[in-house]
Amino acid sequence: MGRTNPAAQARPEISGPFGDGYLELDASLTILRPLAWAGRRLAEVLPASAETALRQAHVSGAGTSLVLPAPSAAGPSDERVEWQVHANAAGGLSIFLRRLPDPQAGRLGLLAALDEGFLLGEIVGDPAAPPTDVRFIEANPAAIRLAGEDYTGRRLSDLNSALAPCWREIFRQAPAEGSGRRFEVLLAPLRIWLECYVVRLPIPGPRLVAALFRDVTERRRAAAALEDSGRRMAAIVAQAAVGLSEIALDGRFIEVNDELCRILGRDRPTVLALGVAEVTWPEDMTASRAALQQVIETGQPVAVDKRYRRPDGSAVWASSSLSRLDDEQGRPRAVLAVTADLTARRQNEAHLYESEARVRTLAEGIPQLVWRATRAGELDWVSPQWTAFTGLSLESSLGHGWLEAVHPEDREATLDAWVVAEAEGRFAVEHRIHVVTDGYRWCQSRAALRREDGAVEWLGTSTDIEDQVRLRHDLARARDEMETLVAARTSELANALEALRAEVQERERAEEALRHTQKLEAVGQLTGGIAHDFNNMLQGVTGGLDMARRRVEQGRGADAVRYLEAAQDAAQRAAALTRRLLAFARRQRLDPRLLDPAALIQGMGDLVRRTVGPSIALELELDPARGSSVLCDPSELEGALLNLCINARDAMPDGGRLAIGTTTRRFGRAELLHHAGAEPGEYVGLSVSDTGTGMRREVMERVFEPFFTTKPQGQGTGLGLSQVYGFVRQSGGLVRIESALGRGTTVRLWLPRHDTPAPPPAAEPRATPKRCATGEVVLLVDDEAAVRTPAAARLRELGYEVLEAQDAAAALRMVSARQRIDLLVTDVGLTGGMNGRQLAEVLQDQRPNLPVLFITGYAGSVLPQGVDVIGKPFALDALAQRVQAALARP
């Protein structure tokens, strides 16, 4: 045991495992004091690391201060105390032990006092990766207030809070090593911004991460408002209509806007490199410097008008308002200049001065009397011409004094004109003004109202119109004389007009008589042609019948058949002539059906080729848009086309080209004005074109007249084209013809187009009618016995019971006496007061289901649509077939 240190007597010993106290060790570092531990080795009361630190201090021999675990008889302790180590005289160590301040209490007090929030957490999971989950160890009051709850002891992943994603993002920002990271983040659920500082604590043991944060929402709002205000102010400055600049105290430009750059004619970098003196016009330099010096010294705003010099050497006038800008201590810092471009105003002033000078020169140079009034009727200026004309001086003319020059009788009208001018803004009057050398002369005074900057003035002139007034009087007298002459001449012209009207009427009567004569000639020609043809045909009928009668009387009945056939052939030719005449008159009975013109032409191709012969090439130019139907009589259309082809063949005696085509087009009302019966709409055109001799205009104008022909005598009847014309017009269409000598002829038949497709061709009717097996009763009514008798005989041959009546009255009596009537066959044109249509209506009222077959030889008879009609002349078997068809309908 070594010697004891006397100083140790004054030091307290360690009581218990912790506390302030004193240890004394010998050279072998065996405990000498406290006595309770005397003889113990350090390893018994200290951990090995602490023992090692003391041995190192003993070896060094220098005093030192260490923080080591507190010594404890029970073994190593977690409590750490301060060891003040000193060498003692025994070669050992004297150690003073002092408790360290409680770090927990100090730290918690510090954290509680902070305005910033503080969160301390232990990283859960891979410590090397960005933290995604932490276990909260500590949270100060500021953090608890912000979060609304205390997170201590809980894991971030267990939080059921809208703020959890925000905290996760904040802790993820902690860098893996080194210094912490500072950033700002938005807590969206709370709509606040936080300034955060996150850091990983570099201590052994658990990996800790700390976050320190504070609310900077107001700061950000203020910064955003300041930035927005700055942007707006910058935009205002940049787009200001005046030049704005900040000028240093030495005259250099610090900041300028676009308008000032425009005024100076330089870009912004160039202006900022210059001073005020370098852009000021030399003659204005003194005033510019004085103004700048005055505002700097006095602090009072100063205005200065001066010229700036542009790079091209031109000057620009501007007005600048200077204000001093001071720093925080109130010392002059710079000068703010607001500069307005005066170029336009200066130019306007110069132009106004020049304009006023020109106007004054003009006013003094023109012969009119020029004046100006501030209010209606009160003059404030007159031109020298006024004073020279009226003899009134300038002073005497001002105000209402000028009225002294107006004739007394015209003054009231002049003042009334001023009253009207106040309402309408325009003064105009004719009055007499006194002339100093010649009494009064008529003048025309006019003035216009002019307003400018709130001021009102009238600018007017007075013009001498004495000569015009006298001329008006002379013209008035001449007008009266002229009216008298015109009235006399008008009377003469009226008499002449009446005589001319009478002459025109006489000429119209003569022309009407001429047209009547021409009509009579045409009718004479028509009747002559008809008489000639019918005489030929009647001769064939009568001759054939006469010879047939002779052969029968001679007992040679077989020979009679030949003459009967000749008579029948002549009768059929007469019937064909009748049809042509009816077609010309548009009174033939047509059998209109829906048909496809292109298909009809296609089917006629072989017939036309045989008709025109091999020397003529036939071409069919059919519209590819098939399906256009027309409503007309197919046989008549075929005959019309064949007639046109024959005419074309005759026009090409040496051969040529014949084209038959179809097309469609729309006709408007204006195009159909001269085509009565044709309605506007879609039409299908059928054209026949040849390359023949063509026709002259005078021939074209007559081609549709009956019996007009250009063919040699005996080669044409002249009814072909008139029959085509009549058929087309009766079908609701129109005919157009184009021709030129040596270039050929084209005839187009335009028929109304129908959207309904044409049905397929019907089967040909049976050649011989069938016999009747049930004995149907047919009532046959016709006033011509020659028609009625053979028809009834043929029907009886076929097994029908036929009742014959010559008029409607006889027919009605028969019907009233008979119970059964199966069919009425009646002529339309009956004699005796009731026609066939009326008879049919009466009988159908009595017997609603009674079928009717009409017989007619004239299409002028008006019959209902859809009725059964057979035209005269007809074959008896054709009649029988129509009777069978009528009875077969349900």
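This is a short walk through a few parts of the structure above, which is a predicted model.

Let us begin with the open sheet of five strands, whose order is β2-β1-β5-β4-β3, with antiparallel pairing. In general, the strands of a sheet pair through backbone hydrogen bonds, either parallel or antiparallel. Here β2 (31–33) and β3 (64–69) stand at the edges, and each has a single partner strand, so one side of each is left without a neighbour in the sheet. On average, neighbouring strands of this sheet are turned by 35° against each other, direction ignored.

Is D410 buried or exposed? With a relative accessibility of 9%, D410 counts as buried, because the cut-off is under 20%. Leaving aside residues up to four places away in sequence, D410 touches H431, R432 and W442.

Next comes helix α13 itself, residues 411–424. Its 14 residues reach 20 Å from the first C-alpha to the last, close to the 20 Å expected at 1.5 Å a residue. Which residues of α13 are buried? They are T414, A417, W418 and A421. These residues cover an arc of only 105° around the axis, which puts them on the same side of α13. Turn to the other side of α13 and you will find E412, V419, E422 and A423 exposed. The cover over the buried residues of α13 includes β16 (369–375), β18 (426–435), β19 (439–452) and β20 (455–464). After α13 comes G425, with a positive phi near 80°.

Our last stop is the nonpolar interior. In soluble globular proteins, nonpolar side chains tend to be buried together. The largest nonpolar core in this model has 36 residues, and those that touch the most other members are V608, L637, L641, L658 and L749. Take L749 as an example: not counting residues up to four places away in sequence, its contacts include L637, A640, L641, L644, V684 and G685. Also among them are L686, V724, V728, L734 and V735. There is a second, separate core of 27 residues, including L156, A164, W167 and V209.

Key:
Residues numbered from 1 in each chain as written. Predicted model: local features only at pLDDT ≥ 70, side-chain atom pairs only at ≥ 80, totals over all residues. Heavy atoms only, no water. Core = buried A, V, L, I, M, F, W, Y, C linked by side-chain atoms within 4.5 Å. Buried < 20%, exposed > 50% of the residue type's maximum accessible area, 1.4 Å probe, protein only. Contact = heavy atoms within 4.5 Å. Helix = DSSP H or I, 4+ residues; strand = E, 2+ residues; numbered from the N terminus. Expected span 1.5 Å × (residues − 1). Arc of directions from axis to C-beta. Pairing = 2+ DSSP bridges. Axes fitted to C-alpha atoms, helices over the stretch in contact; angles between N-to-C directions.
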